[in-house]
Amino acid sequence: MDMITLILLLFLGGAIVTWLGGKLSPIVGDMLFLVTIIVPAGMFFTGVTVGEVTHLHALGLTLTWGLSPLSYLFSMIVVGLGILLAIYAVPFMKGKQKTGAFYFNFTLSVMAMLGILVSKDWVSFFIFWEIMTWSSYLMVILNGKDVQRVGIKYFIFSAIGAYAMLMAMVVMNSQLGSFLMADTFNNFQHLTVGNQILIPILLLTAFGVKSAMMPLHVWAPDAYSNAPMAYTGLFSGALSKMGIYGMVLVMVTMINQLPEGTLIRDIIAWMGGFTAAAATLWAITQDDGKKLLAWSSVGQMGYIIVGVAIGTPLAMLAALFLVVVHAMFKGSLFMVVGAIEKQTGTTDFREINGLIRKMPWTFISALISVIALAGIPPLAGFVSKWMLYEALIQNNNYILVILLFFASTAGFLYCYKFLHGYFLGQEEPEWAHVKEAPAAMVIPMLLLAIGTFVLGTFPQLLFKPIDSALQYVGYDATGGHLWGQSILFSEWGDIVTLQPILYVVLAVFVFFALFLWFKGTKGTRYVSTKDISTSGELPKEWENLTFKVNFMQPFERTIEPFLKRQIDKYYTAFGNGLEALFEFTRRIYTGNGQTYAIYAILFLALLLLFRVNLFG
């Protein structure tokens, strides 16, 4: 048995054993869960060879599995996040119900994503895609909150994507007689012109749903915020990247073979740009950390989609760099919110204040990750956004640059809201009991946050595997120096010396840290939000006077006309129309034999009346 098959079987078997073991003892379930994730992950990093291919024969089909340089890049995200979030999940899920179901679906999600990435035929790809969808759906409804609205919405859009992919598979097999991806890509030009347009559109619809590209995004904010936070980091950081992986395959193997006049690339790029801008505005208006990060995730995916759609070497480099970096800083931030929820019982900004002294390590993780998200040097978010802007300018997409720059600038508002909402401001007496999260929760989020710092200072650590991945999908060999196309790196060299910027930033932080420490030694009196009077009137205990309550109201009033135009309303209207049609159909097909007899008599009468017109 080859290594890839063994790893997938270990994940599958481990998921079942963990679920059964958890019924015997919670401690047994915890240990089995960690072993189930860590052991196959370790085997993946040490035993799987890039380029090795295996064939499985089942039910008259030949399933082909193997790891390419591109899929290996995405696999590092899945396996790396899987390990850290598994360690984080054990203390997070302590004392919660349905822990066994959580462990089972978490493991299945990791297995399914890895299966997608090793699939070299469409049948395997589709099977693992459906396992991923079902396991994530069960996570979305695990808490039992608002299941009918959130769960059904996610299920419907996932079904739309699945049927679109299935239709594309049927067309490809009927035309080419093969389910192998390589056969599809190599013989794409032999398809009819109509099918050359239809197949990419169907596949991009499926992948656009999973990557939350507008207007197919409406499931994502609620699904991300409704799933357990120990899973949402995997949901946003890795599972959404399966859509990006599929988009990369379609863009570089199918869209590249279409005539220059087709507008698919431009349409997808503008949809990505609109996703980045609109989702950012929605993130600003949120008063709950879960919803804020959920909308932020949708917006960040927009940047990646733009880079993939533009498709130039530098744009693809920026997009794939951001794929990895986004998984790191967003995984860390969702862990931060999960830690706050675990320690305080809420994630509402309007209820929590001043956790910086109560949860200092969680604050440090949040601070570093937010800086990376905002694209501030010397962290990795700056590198990816710089390259993306430069790629767009080189491609004469100036308006799209302005749109993305607006989204990035507006993103500072929700970054500030996130940090101040949880950690800064006055300390409230009701949170005096709060303590730092357990070490098993803090260490994974810190490692991810520090990783964004390392990749920001030494981005060539990630450039080299990305360069190999791009050469695999058909880009010209660059000798390991693809990033030299950027002005940023061609001036500073392959090893980006951001040390001068780093020293300045550290100096600023050290200065303010010393200032706050010195000020604290002077006996500063900390007051709550209730220790205040307004025009001689003392506020009541239930009155929340923190500036976080509606503190962005002027900005929200400015963008309110735009936010009113929700795509949800159109989907709801369409759904209501279908429901009315089905209700009308139900009234026709009553199940009553006499009614059907009347229908038959009426049908025969119509045939007699129009027999001349119908039969001549």
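Q: How many helices and how many strands are there in the protein chain?
A: The model is predicted. Of the 616 residues in the protein chain, 53% are buried. The secondary structure of the chain comprises 24 helices and two strands.

Q: What share of the contacts in the protein chain with a separation of 6 or more comes from residues 24 or more positions apart?
A: Contacts here are those between residues with a separation of 6 or more. Within that set, the share from residues 24 or more positions apart is 79%.

Q: Are helices H8 and H10 roughly parallel or roughly antiparallel to each other?
A: Helix H8 covers residues 193-210 and helix H10 covers residues 229-253, and their axes lie 7 Å apart. The packing angle is about 160 degrees, and angles over 145 degrees count as roughly antiparallel. The two helices are therefore roughly antiparallel.

Q: Which residues of H8 and H10 make the contact between these helices, and how many of them are nonpolar, polar and charged?
A: H8 contributes Pro200, Leu203, Leu204, Phe207, Gly208 and Lys210. H10 contributes Leu239, Ser240, Gly243, Gly246, Met247, Val250 and Met251. By class, the contact has eight nonpolar, four polar and one charged residues.

Q: Is the crossing of H8 and H10 left-handed or right-handed?
A: The two helices pack with their axes 7 Å apart. The way in which H8 passes H10 is left-handed.

Q: Why is the pair of Trp134 and Tyr137 classed as edge-to-face?
A: The structure holds 33 aromatic pairs. In the pair of Trp134 and Tyr137, the ring centres are 5.9 Å apart and the planes meet at 85 degrees. Planes over 60 degrees apart count as edge-to-face, so the class follows from the angle of 85 degrees.

Q: Which residue is buried and which is partly exposed, Trp134 or Tyr137?
A: Both residues lie in helix H5 (residues 122-140), three residues apart, about one turn of the helix. Trp134 has a relative accessible area of 43% and is partly exposed. At a relative accessible area of 16%, the buried residue is Tyr137.

Q: Where in the chain do Tyr389 and Phe405 lie, and what is the angle between the planes of their rings?
A: Tyr389, buried at 15% relative accessibility, lies in helix H15 (residues 380-394). Phe405 lies in helix H16 (residues 398-422), 16 residues apart from Tyr389. The ring centres are 6.0 Å apart, and the pair is edge-to-face, with planes at 65 degrees.

Q: Which residues do ring pairs link into a cluster?
A: Ring pairs can join several aromatic residues into one group. The cluster consists of Phe33, Phe102, Tyr103, Phe106, Tyr154, Trp219, Tyr224, Tyr231 and Phe235.

Technical notes:
Residues numbered from 1 in each chain as written. Predicted model: local features only at pLDDT ≥ 70, side-chain atom pairs only at ≥ 80, totals over all residues. Heavy atoms only, no water. Axes fitted to C-alpha atoms, helices over the stretch in contact; angles between N-to-C directions. Helix = DSSP H or I, 4+ residues; strand = E, 2+ residues; numbered from the N terminus. Parallel < 35°, antiparallel > 145°, perpendicular 65-115°, else oblique. Left-handed = near helix turned anticlockwise from the far one by under 90°. Contact = heavy atoms within 4.5 Å. Nonpolar A, V, L, I, M, F, W, Y, C, P; charged D, E, K, R; others polar. Phe/Tyr/Trp six-rings, centres within 6.5 Å; stacked < 30°, edge-to-face > 60°. Buried < 20%, exposed > 50% of the residue type's maximum accessible area, 1.4 Å probe, protein only.
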